[in-house]
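Reader: Could you put the model up, and then walk me through how you describe helix packing before we turn to anything else?

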Amino acid sequence: MPGMLESDPIYMRRALDLAAKARGRTSPNPMVGAVLVKDDQIVGEGFHAYAGSDHAEVAALREAGPAAAGATLYVNLEPCCHYGRTPPCVEQILQAGVGRVVTACEDPNPAVSGKGIAALRSAGLAVDVGILGEEAAELNQAFFTYVRTGRPFVILKVAASLDGKIATRTGESRWITGETARRHVHQLRNEVDAVLVGIGTVLRDDPLLTTRLGIPDQRDPIRVIVDNLARLPLRAKVVNRASTAPTLLAVSQMAPRTTLEAIEREGVQVIVVESSRRRVSLDRLMEALGKRGVLSVMIEGGAEINASALREGIVDKALVFLAPILIGGKSTPTAVGGDGIETLGQALRLRDVRIERFDDDVLIEGYVKKAAAST
């Protein structure tokens, strides 16, 4: 890469690590970290902590003070050049006298894309783009998806036995995976904007759907319940007013108005979504969540909601936890319900597959190949 120094990836890695400190805290903004380096020494660094706070570049410039003059700025996303809640970072970079800027990737936001880089170069700064670009894009995959499509990045999470069962024939499903794997799921809840389940899961398991990591800065995602006819019991745990986690009930036009009014009085937000096949359209629901600034959704439902999500093509990434147990049974629920496919050529396939162990449990994760036929 032209202009690249041997130390560039090291400092960009630091910028990425700083950005990741704000996982789940910056929506609808991206995660950004910045590092200022002068004479092979870090003189300032920072990250965007939450929407409305100082951008990473500004935090780093403040820490560096006069030392920013002539320094190299490493930032994992192109500096902004437009006015939002805060002034443009490009202007402040130029005012500080920074000598060189290294960014991992362009910002997909049309208001910024390429313009920040062009403005810096026009002012005479050397700008290098693309260092650790793939890692930077993956870190902000939810933001990139949201900007390009107006929809959230959707993760499908499944916990199953080796033979693909998610419960016994009596419906028992707690717990298929072990404590370490379950804690990882709570960490994911701490990072995503929303978790989604179908009403069947609520009626069967009455889950809280909150984050329970036992750490001071944990946060609860929005709890989205897909409930065509508004069967949500007012005594359900997701209706608990004492919880800090907001609950959103997605219903169809067929849901009784009087029932919805009673649910809304309990503090639950109701959103009416177009229905198809007597089911709430998950495709339209994602559009609605996007308009609310939701960047990421993790589906934690049962076989039928999983099948609907795959059939409607809303899933971007799958996380499948497999426990070393065998449950068996012709009628026991599997991870994905529905009618299934007719040929293996129609099978949904994953790319960039990774495998990770959590004690005896195994996590298989990968991105959905959108070109494949849906289930």
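Author: Angles under 35 degrees count as roughly parallel, over 145 as roughly antiparallel, 65 to 115 as roughly perpendicular, and the rest as oblique. Helices (H or I, at least four residues) and strands (E, at least two) are DSSP runs, numbered from the N terminus. This is a predicted model, in which local features need pLDDT of at least 70 and side-chain atom pairs count only at pLDDT 80 or more, while totals for chains, interfaces and linings use all residues. Residues are numbered from 1 along each chain as its sequence is written, and side-chain values use heavy atoms, with hydrogens and water left out.

Reader: Fine, so how do helix 2 and helix 3 cross?

Author: The axes of helix 2 (residues 56-64) and helix 3 (residues 89-96) come within 9 Å and cross at roughly 20°, where axes are lines fitted to C-alpha atoms, for helices over the stretch in contact, and angles run from 0 to 180 degrees between N-to-C directions. The two helices, helix 2 and helix 3, are therefore roughly parallel to each other.

Reader: Which residues make that contact?

Author: On the helix 2 side they are E57, V58 and L61, and on the helix 3 side C89, Q92, I93 and A96, with contact meaning heavy atoms within 4.5 Å. These residues divide into five nonpolar, one polar and one charged, where Ala, Val, Leu, Ile, Met, Phe, Trp, Tyr, Cys and Pro count as nonpolar, Asp, Glu, Lys and Arg as charged, and the others, Gly among them, as polar.

Reader: And what about helix 3 with helix 4, at what angle do they cross?

Author: The axes of helix 3 and helix 4 (residues 115-122) cross at roughly 25° and come within 10 Å, and helix 3 and helix 4 are therefore roughly parallel to each other. In this pair V90, I93 and L94 of helix 3 meet G116, A119 and L120 of helix 4, a contact with five nonpolar, one polar and no charged residues.

Reader: What is the backbone phi of D206?

Author: D206 has a positive phi of about 50° although it is not a glycine, and it lies in the loop between helix 8 (199-205) and strand 8 (222-226). For background, most residues other than glycine have a negative phi, and most peptide bonds are trans.

Reader: Back to P28, what does Y146 touch?

Author: Y146, which is in helix 6, touches P28, R151, G290, G293, V294 and L295, not counting residues up to four places away in sequence. The C-alpha atoms of Y146 and S296 are separated by 8.3 Å, although these residues are 150 residues apart along the chain.

Reader: Last one, which residues lie nearest the centre of the second largest pocket?

Author: They are R23, E138, L139, Q141 and E191, out of 35 lining residues. On a 1 Å grid over the protein atoms alone, a pocket is an open set of points where a 1.4 Å probe fits, with protein on both sides within 12 Å along at least five of seven lines, and lining residues have an atom within 4 Å of a point. By class, the lining of this pocket has 14 nonpolar, nine polar and 12 charged residues.
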